[in-house]
Amino acid sequence: MDDLIRLTRDHEIAIITINNPPVNALSPAVAQGIAQAIEQAGNDESVKAVVLIGGGRTFIAGADIKEFGKITSGRVPRGPGLLPLLLRIEDSKPVVMAIHGMAFGGGLELAMAGHYRVAAANAQLGQPEVKLGIIPGAAGTQRLPRLVGVAKALEMCAEGNPISAQQALEFGLVDRLIDGDLLAGAVAFARGVAGKPAPKTRERNDKLGTLERNTPLFAAARDKARLKQRGMRSPLAAIEAVEAATKLPFEQGCEVEGKLFDECLFSDQSKALIHVFFGEREVAKIPDIPKEIAILPVNTAAVVGAGTMGGGIAMVFANAGIPVLLKDADQPALDRGLATIQKNYASSVKRGRFTQQFVDERLKLIRPILNYDNFSDVDMVVEAVFEGMAPKTQVFGELDRVCRKGAILASNTSTLNIDEIASATSRPESVIGTHFFSPANVMRLLEIVRGKSTGKEAIATCMQLSRKLGKVGVLVGNCRGFVGNRMFHHYVRESLFLVEEGAEPDYVDRALYDFGMALGPLATGDLAGLDVGWRIRKEYRHLEKPGVRQPIVGDRLCELGRFGQKTGAGWYKYDENRRAIPDPEVNELVRQWAIEAGIPQRKVSSQEIVERCIYALVNEGARILEEGIALRAVDIDIIYINGYGFPAHLGGPMWYADTVGLKNVYQRICDFHRQFGELWEPAPLLKHLVEEGKTFAEVMRQPAVVA
Ligand code: 3HC
Ligand code: NAI
């Protein structure tokens, strides 16, 4: 035993404390220390019961996820895992698990091997393994249904969301909630059960139901998993393992669980999801910004522009408890903005996401105004007026005049040059891009755009603020479209070319949906409004290179007034429930336009659709890395998963390219280059990595530099 595990005494009660900050992950050394402490307490006749508690801010957040990569890469042999330890705990003197913070994954499995569980009111308990592409691997799928019943266990194991201590009490996962000092409460509880026969979870079968009652539960869980966690293997494996608990004795159920766990652990999906887990934390680390840099407090904010984005951004601040001024240019626009906010909140209440009380409190935090009064008091402003350099610089000039020195001045621009916007102020170090995604109150991604003069304090503050706002902040460089939209442009371009070459819009969308994208590119266009891209294309037409192919169909559709869902028609027709219906008229029009433009019509395979659209992302992603616009390939992956509906179980476009094999991706890009011309010129970084036999993952943890 070492510093990780402390064994102390309170008279006849032994206390085992885990000290493995920050989250007491159950590393092999921690497990070994607990085993030794249990043995020591067992051998000591004066010990009548044991309390196991987490030191610091939490109980145990699960097995050490870093260990999984060591096992799958063969660096560490696949050992017996936690199971033998848990059996030893269950067969020992009464053990009371004292839970605060989180009992997740292996942490909850350990807790369930104890004879009793007491919890602080703020504790959370869950089996989140499916989110990492695995399933509980230490009998969680076998003990949980024995404690909470089959339906709840299925939900927790297959969906991975935690439950509160109160719910855990109601379902029988926790025996008592402790007010006040958790350790003192747990020790008192342990005194009450010391010397009495201790109930073993694995021997309880009363909540396992009957075949007749369980069969529809499993069928419904499978249907839900196929729908809500589309393409993912781990939820279905978790359901299978819970089903085994209801049909087999405990030991055999554990064997089924073990096989399924291993199958998932060694899968590409699990490797991808673990990459995403660490990636989401990695993106917060900016190499040239020290951890100890001063963070500017953001206790009050203002948003300029109460349109689609501004309204959503105001909600984001309010939801985080930050009072926010919401300014627009005229009363009707402000009224429209507020009405949308109210409508959005009302629908959240209807769907059970928020309570009416929560919404009432949030609405009070949003103060609508028509002027810049009180802007001198705010710590941060986010500008979300029309996309255009003139309105942006006009607003930033005003902000420079009215805001206090040191306040952060952020723009939500999706394409414009942050340096040019900053030049309208006398303090470019305070100017930064905060690119929210639509709907801003829902989408998790926040691209934080660093201009050439943006100060490190402003960057660090926005990165930290993104967490407080419930967003994943990713720092990106300043270029047209930044990372996400710059890549997306290439993806959409290919989808339009494919339509022009003879693939019908719903066929293109279906291929990418089946690949795993949340929505196909054409349906996405209809949702966002086709006129948005049309306007941008017109603005940048002078930058188009003569002789280089441009899609024609997007503009033609807009010329007919088909802007997507907002006009009831775009690539699809829409019924009153906004359901997309393929439109033969559009298909015919597109065919005619393409023929008129001399584009040969052919049968396109769904494989070609996926390769052209996804590899267009990868090729541009490689350029973005080369230019240092993204710090690491993982930053691109996190952007695509959180902002563009890329399936997390494929790890993001750059990770996906690695799994396909960069050589294969490169060869296809070379084929497309020969076939379609200069738009497909392979990115030098991609070529370089292939020549060196390397992957994006290998250049992932540092800014990419091409030799
Ligand atoms: N293993 C290894 N490291 C972990 C970890 C784990 N289980 N959980 C968190 N960490 C690390 C994070 O990577 C981060 O490291 P960093 O500071 O170097 O970036 C640090 O701990 C703090 O984590 P967060 O920044 O995420 O802290 P939060 O307070 O925001 O969140 C949390 C805490 C909710 C526990 C979140 O970290 C989390 O969801 N962790 C994963 C929980 C999980 O999936 N558990 C199941 C593991 S698999 C398992 O148990 C298999 C078993 O069935 C056999
Ligand atoms: P919008 O047209 O819905 O709203 C703009 C609002 O700004 C209007 O209410 C307008 O009255 C107001 N406004 C204009 N000038 C003003 C001024 N000087 N002072 C105060 N208010 C003023 O536009 P939307 O879609 O919300 O876009 C805003 C910004 O967000 C743009 O830069 C856009 O590129 C960006 N963006 C838009 C996304 C989208 O999906 N709509 C996604 C991400 C970024």
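**View 1. A backbone contact to ligand 2 at V385.** A polar backbone atom of V385 lies 3.4 Å from an oxygen atom of ligand 2. Such a polar contact is a pair of N or O atoms within 3.5 Å; within protein, one must be able to donate a hydrogen and the other to accept it, and residues adjacent in sequence count only if both atoms are side-chain atoms. The protein buries 78% of the 840 Å² that ligand 2 exposes when taken alone. Accessible areas come from the Shrake-Rupley method with a 1.4 Å probe, and for residues only the protein chains shown count as cover.

This is a predicted model, in which local features need pLDDT of at least 70 and side-chain atom pairs count only at pLDDT 80 or more, while totals for chains, interfaces and linings use all residues. Residues are numbered from 1 along each chain as its sequence is written, chains are lettered from A and ligands numbered from 1 in the order in which they are written, and side-chain values use heavy atoms, with hydrogens and water left out.

View 2. An oxygen atom of ligand 2 is 2.8 Å from a backbone N or O atom of M309. At D328, a polar side-chain atom lies 2.6 Å from an oxygen atom of ligand 2.

**View 3. The shell around ligand 2.** Ligand 2 has 23 residues around it, and M309, D328, E387, K392 and S414 come nearest. A residue counts as near if one of its heavy atoms lies within 4 Å of the molecule or strand. The largest contribution from an element is that of α16, with 3 residues. By class, the shell has 10 nonpolar, 9 polar and 4 charged residues. Here Ala, Val, Leu, Ile, Met, Phe, Trp, Tyr, Cys and Pro count as nonpolar, Asp, Glu, Lys and Arg as charged, and the others, Gly among them, as polar.

**View 4. Polar contacts of ligand 1.** A polar backbone atom of A61 is 2.8 Å from a nitrogen atom of ligand 1. An oxygen atom of ligand 1 lies 2.8 Å from a backbone N or O atom of A63. K285 places a polar side-chain atom 2.8 Å from an oxygen atom of ligand 1. On its own, ligand 1 has 990 Å² of accessible area, of which the protein covers 78%.

**View 5. Elements around ligand 1.** Two or more residues of the shell come from each of β5 (102–104), α4 (106–113) and α12 (268–282). Helices (H or I, at least four residues) and strands (E, at least two) are DSSP runs, numbered from the N terminus.
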